[in-house]
Every structure is written in structure tokens, then in C-alpha cells.
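Q: Could we go through this structure together, one topic at a time?
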Amino acid sequence: MSGNIKKPWGYFKVLDTQEGYLTKKLYLKPNSKLSLQSHKFRSEHWIVVKGLATVTIDENKYNLNINESIYIPMASKHRLENNSENELIIIEVQIGERLEEDDIIRYADIYGREVSK
């Protein structure tokens with residue numbers, strides 16, 4: 001599989017990709033978060049394997065511990081946060097007809113990346 005893909009919040013590795021699904025391992029630095037975003041062509045499942053995750057899905061917020069998971073429906077606004085002083089590791093499974101990074105619609109981003117119009 002591919003190497004580490006660096007992001008402002010940490011990095012990810014692609015673990016497996018097949019037609020219709022893609023599996024990643026996300027490593028979030030302490031006190032970091034992904035953009036508030038949505039996807040037109042995929043849903044996601046997040047499983048916490050290390051740390052404590054804070055997940056926003058539309059208007060709801062959830063705290064997930066190790067071995068807990070959450071489903072992010074296609075087109076929902078969502079965000080993953082690591083509000084702790086320790087690394088957060090997530091297994092992400094994307095399901096959909098298109099699984100490219102350009103499917104991200106950003107609504108808010110603390111790292112200065114372009115927000116969708």
C-alpha cells in the first residue's frame with residue numbers, strides 16, 4: 001500500500017482499496033481536528049483504536065473511546081477531533097462509488113485550506 005500521507009492534523013495510511021471501498025488508518029496529533037466537511041459520493045465508518053475521539057455529525061457531537069465506532073452518512077457535515085494531549089488513531093472505512101480526496105466539501109478549516117463556496 002501507499003506510504004504516509006501528511007496532513008496538517010497528522011497523517012494517514014491507505015491500508016486497502018478495492019472497488020467500492022477504501023480503508024485508511026488516521027493518526028491525529030494532540031489537540032488537532034479535521035475540517036468540518038461532507039462528501040457527495042461516499043459514507044464513512046470510524047473506529048477508535050487508540051485515544052479519545054470527538055465526532056461531530058450535523059448538529060450532534062459524540063465522544064468515542066477505544067473500540068467504539070460511528071457511521072457518517074453520505075452528505076452529512078462531519079468532523080473528527082482529538083482534544084487530548086495524546087495521539088488519536090482511527091480506522092476509517094469509506095464506502096461509495098467515488099473514493100477520491102477531491103470529494104471533500106469543506107465548510108470550516110483551522111489550517112487555512114480553502115473552504116468550499
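**Salt bridges and the cavity**

A: Aspartate 109 counts as buried, at 16% relative accessibility (buried means under 20% relative accessible area, exposed over 50%, partly exposed in between, with a 1.4 Å probe and protein chains only). This is a predicted model, in which local features need pLDDT of at least 70 and side-chain atom pairs count only at pLDDT 80 or more, while totals for chains, interfaces and linings use all residues. Residues are numbered from 1 along each chain as its sequence is written, and side-chain values use heavy atoms, with hydrogens and water left out.

Q: Which residue forms a salt bridge with aspartate 109?
A: The partner is arginine 113, at 2.7 Å from N to O, where a salt bridge is a side-chain nitrogen of Lys or Arg within 4 Å of a carboxyl oxygen of Asp or Glu.

Q: And how many salt bridges does the structure hold?
A: The structure holds eight, among them one between aspartate 102 and arginine 98, with the closest N and O atoms 2.5 Å apart. Aspartate 102 is exposed at 58% relative accessibility, whereas arginine 98 is partly exposed at 30%.

Q: Which residues are linked in a network?
A: Salt bridges link Lys7, Lys24 and Glu101 in a network, and within it the side chains of lysine 7 and glutamate 101 meet at 3.8 Å, N to O. Lysine 7 lies in strand β1 (residues 5–7) and glutamate 101 in the loop between β11 and β12, so the pair ties together parts that are 94 residues apart in sequence; strands (E, at least two residues) are DSSP runs, as are helices (H or I, at least four), numbered from the N terminus.

Q: Switching topic, how many cavities of 30 Å³ or more are there?
A: The count comes to one, and the largest cavity has a volume of about 160 Å³. A cavity is a set of points on a 1 Å grid over the protein atoms alone where a 1.4 Å probe fits but cannot get out, and lining residues have an atom within 4 Å of a point; grid points are joined across faces, edges and corners, and the volume is the space filled by probe spheres set on the points.

Q: What lines the largest cavity?
A: Of its 18 lining residues, the closest to the centre are Trp9, Leu34, Gln37, Glu101 and Ile104. Strand β6 gives the most to the lining, with three residues.

Methods. On a 1 Å grid over the protein atoms alone, a cavity is a set of points where a 1.4 Å probe fits but cannot get out, and a pocket is an open set with protein on both sides within 12 Å along at least five of seven lines; lining residues have an atom within 4 Å of a point.
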